[in-house]
Structure formats: C-alpha cells, structure tokens
Amino acid sequence: MIRLFLDANVLFTATHNPSGKAALIIDLGAQGYWDVMSCSYAIEEARRNISIKFPDTLKRFEAFMATVIKVPSRSGRNCPVGLPEKDRPILEAAIQCKASHLLTGDIKDFGPFMNNTSLTGGVVIQSALEFLVSFMKSKSKKMIRRKN
C-alpha cells in the first residue's frame with residue numbers, strides 16, 4: 001500500500017489551488033488509491049500560513065484535513081539526515097508512521113535527499129509532480145505487461 005506523508009507546503013498548496021497536483025493527491029487518497037497522512041506539526045504550520053495568506057480557503061483546508069490521517073508529531077532529534085531543525089520533525093514523523101513517500105515542495109532543504117531511500121529511513125522524498133509521474137509510469141508498465 002502506498003502511504004503518502006504530506007509536508008505543510010503540500011497541504012497549503014492543495015488548499016489554495018484546488019485544481020492542482022497536491023489537491024489531486026489528497027482527493028485520490030480520499031477515494032482509496034493510497035493513504036494520505038500528516039502530523040500536527042505540519043498541519044498547524046499549513047493552517048497558520050493559510051490563515052494569513054488565504055483565509056477564505058480555511059473551510060477547504062478543514063475539508064481536506066477530514067480525509068488526512070493524523071499521525072503523531074516527532075521531536076526531530078532522531079532525524080537520520082542533516083536537515084534544518086524545522087524540517088527534521090517532518091522526516092522523522094514520516095519514518096515513524098512507515099510512510100512510503102514524503103511529498104514536499106521544499107526542494108531547497110529536502111532536495112539533496114530526494115529519491116535517496118538509503119539516507120532517509122526508506123522513505124522516498126519527492127515533489128507532488130515527481131510522485132504522480134512515477135506512479136503513472138509504474139501503472140503504465142503494469143498495463144503493458146498485462147497486454148502481453
């Protein structure tokens with residue numbers, strides 16, 4: 001089963017851009033294609049930023065949050081890689097909840113660790129676009145194999 005952990009910026013983007021990739025990922029999770037989860041640390045950061053920048057979308061945010069599995073936040077003290085202090089709890093929570101993927105838009109901080117599961121406790125770190133492209137590629141390969 002695919003288990004997606006969403007960083008605050010993905011939750012934020014999904015809320016203010018309901019026709020975008022991040023919102024699609026949450027919608028497909030609600031339909032049972034995969035599990036979508038996040039922790040209170042990320043959820044509260046997203047809520048705070050939405051309240052400041054797009055307060056009229058808070059209802060949409062809460063509707064998304066009703067479909068997201070909430071997992072415990074972590075301290076960040078046991079993060080396996082050298083992320084900035086603010087990002088350590090995110091990766092640590094993703095590892096603890098056995099997420100298969102951590103989706104983030106924070107390329108600056110997470111970029112060096114993207115698609116490198118040997119460093120990230122087995123969690124694939126990707127952007128929403130990268131995840132969707134890799135998911136579609138794997139589905140199309142399975143479809144081709146079935147036809148042959």
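Two strands pair if DSSP finds at least two bridges between them. Helices (H or I, at least four residues) and strands (E, at least two) are DSSP runs, numbered from the N terminus. The model is predicted, so local features need pLDDT of at least 70 and side-chain atom pairs count only at pLDDT 80 or more, while totals for chains, interfaces and linings use all residues. Residues are numbered from 1 along each chain as its sequence is written, and side-chain values use heavy atoms, with hydrogens and water left out.

Begin with the strands. Three bridges join β2 to strand β3 (residues 69-71), and the two run parallel; Ser38 has Lys70 in β3 as its bridge partner. Strand β1 (residues 3-6) also pairs with β2 (residues 35-39) in the parallel sense, over three bridges. Here Arg3 is partnered by Asp35, and Phe5 by Met37. β1 pairs in the parallel sense with strand β4 (residues 101-103) as well, again over three bridges, and Leu6 stands opposite Leu103 there. Four of the five residues of β2 are buried, where buried means under 20% relative accessible area, exposed over 50%, and partly exposed in between (1.4 Å probe, protein chains only).

Turn next to the helices. In α1, the buried residues are Ala8, Val10, Leu11, Phe12, Ala14 and Thr15. Their cover includes β1, α2, β2, α3 (40-53), α4 (58-65) and β4. Helix α5 (residues 88-96) buries Pro89, Ile90, Leu91, Glu92, Ala93 and Ala94, and what covers them includes β1, β2, α3, β4, α6 (107-110) and β5 (124-126). After α5 comes Lys98, with a positive phi near 60°.

Arg47 lies in helix α3. Is Arg47 buried or partly exposed? Its relative accessible area is 22%, so Arg47 counts as partly exposed. Not counting residues up to four places away in sequence, Arg47 touches Leu58, Phe61 and Glu62, contact meaning heavy atoms within 4.5 Å. Between Arg47 and Thr57, 10 residues apart in sequence, the C-alpha to C-alpha distance is 10.0 Å.

In soluble globular proteins, nonpolar side chains tend to be buried together. A nonpolar core is a set of buried Ala, Val, Leu, Ile, Met, Phe, Trp, Tyr and Cys residues joined through side-chain atoms within 4.5 Å. The largest one here has 46 residues, and Phe5, Leu6, Ile25, Trp34 and Leu102 touch the most other members. Leaving aside neighbours within four places in sequence, Trp34 is in contact with Met1, Ile2, Leu4, Ile25, Leu28, Gly29, Phe131, Leu132 and Phe135.

The last topic is the largest pocket. On a 1 Å grid over the protein atoms alone, a pocket is an open set of points where a 1.4 Å probe fits, with protein on both sides within 12 Å along at least five of seven lines; lining residues have an atom within 4 Å of a point. The largest pocket is lined by 13 residues, with Thr13, Lys21, Ala22, Ala128 and Leu129 nearest its centre. Two or more lining residues come from each of α1 (8-16), α2 (21-30) and α7 (128-147). The space in this pocket is about 170 Å³, a volume being the space filled by probe spheres set on the points, which are joined across faces, edges and corners.
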